[in-house]
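Colleague: I would like to go through the ligand site of this model with you. Could we begin with how the chain is divided?

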Amino acid sequence: MGSMAKTGESLMAWNRKHLLDIESLTAEEITTVLDTALAFKAVGERAIKKVPALRGKTVVNLFVEPSTRTRTSFELAEQRLSADIINFTAEASSLKKGETLKDTARNLEAMNVDVIVIRHSASGAPHFLSRVLNAHVVNAGDGAHEHPTQALLDVFTIREKKGSIAGLNVTILGDILYSRVARSDIWALTKLGAKVTLCGPATLVPKTFEQMGCRVTHNMEEAIRDADVINLLRIQHERQRKTMFPSINEYSRLFGLDRQRLGQTKPDALIMHPGPINRGVEIDSDIADGERSVVLQQVTNGLAVRMAVLFLVNGGKDPQEISAN
Ligand code: CP
C-alpha cells in the first residue's frame, strides 16, 4: 500500500471505457476523476513516482495536431503508470501518404495496443475511433469541439485553490467560438455548480453560448469585476476562416488583461491560462508570471489528472490499492 492522499466519497462513480468529452459525464464522474487525480498527485510527490497500474499495457499517443503540454503530459503520465508507449505523429506516418485515420488506427490496434490517446484537428475524431476500435480511446483535443483533460485539470486546480467549485464566479475570456478548452470548461464548471461568464469580441463570443447556461458579455470590466477565477484563452488563428476583429492591437486594448484591469479584479481572483500563451495579447507578461497566476500549477496538475484518466478507463477502481513500483 502506498502513502497516497485520502480521496473523496465519490471514488467509484466511473464505468466508462473511453474519455471522449465532458458533455456526457455526470458531476459524480467528474468528481471521481478529480479525487483519483488527488491520489496520483501524491504519487508524484514521492521519492519513487512510478506505480505499476498499467504494467503490460500499451498506449499509443496519436497526435495529428501540434502539442507541447498535452503530449508530454500524457507521455509522462503513461511512464509513471508503467505502460509501454508508442509516440506517433502525422508527419512521420503513413497518414502523409494518404492512409485514412481509420486504417492507421486499426493497424495500430492489430498490434494489440490497449489505449489510443488522440489529438486531431477534426471534431469528433475520437468518437469515430471509439466506434471502430476495441481499444480504449482518450480525447487529447478534437478540433474546436472538446479538450476534456484540460477541463479536468482546470477544475482540479480551481478546487485545489478555492476548496470547491459550486457557487464560484468563473470568467472565460477570449476566443470562445473556436476554443475546445472553452467548451469543455463550460461543461465541467456548470455541471459542478459554478456560474460561468464568457467575454470577448461579439464575433468570437456569440450570444448562442447562453444556451450552455453561461452569461455572455462583451464588456471586459463587467466580466472581471466579480470573478473568483479568470481563465484567459489565446486567439485560435489556426481555426478561424476569416479575421474576426480589426487588429491584434485593438483586441489587446479591449480584452487583454493588463495591470490596470488586474486592479479591478477581486484580490484573490485566480488567473488561469491553458497555454500556449501569446504574451502581450490576451495577458501581460508580468501577470502571466505573477503571484496570482496558476498557469504552471495547471501543468503540474495535468499530469495527475491524466494518470487518473488512464487508470480509470483501464478499469482501475481504487488508487489506494496501488503500491510503489
Ligand atoms: N493546453 C494545451 O492543450 O496545450 P498544447 O496544445 O501544448 O497541448
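**Domains and ligand site**

Modeller: The protein is divided into domain 1 (2-146 + 302-321) and domain 2 (148-299), with bounds from an automatic or database domain assignment. This is a predicted model, in which local features need pLDDT of at least 70 and side-chain atom pairs count only at pLDDT 80 or more, while totals for chains, interfaces and linings use all residues. Residues are numbered from 1 along each chain as its sequence is written, and side-chain values use heavy atoms, with hydrogens and water left out.

Colleague: How many residues of domain 2 are in contact with domain 1?

Modeller: The C-alpha centres of the two domains lie 25 Å apart. Taking contact as heavy atoms within 4.5 Å, 32 residues of domain 1 meet domain 2, and the number on the domain 2 side is 25.

Colleague: Which side chain has an N or O atom 2.8 Å from an oxygen atom of the ligand?

Modeller: Polar contacts here are pairs of N or O atoms within 3.5 Å. A nitrogen atom of the ligand is 3.1 Å from a side-chain N or O atom of Gln150, and a backbone N or O atom of Gly275 lies 3.2 Å from a ligand nitrogen. The side chain at 2.8 Å from a ligand oxygen is that of His147.

Conventions: A polar contact is a pair of N or O atoms within 3.5 Å; within protein, one must be able to donate a hydrogen and the other to accept it, and residues adjacent in sequence count only if both atoms are side-chain atoms.
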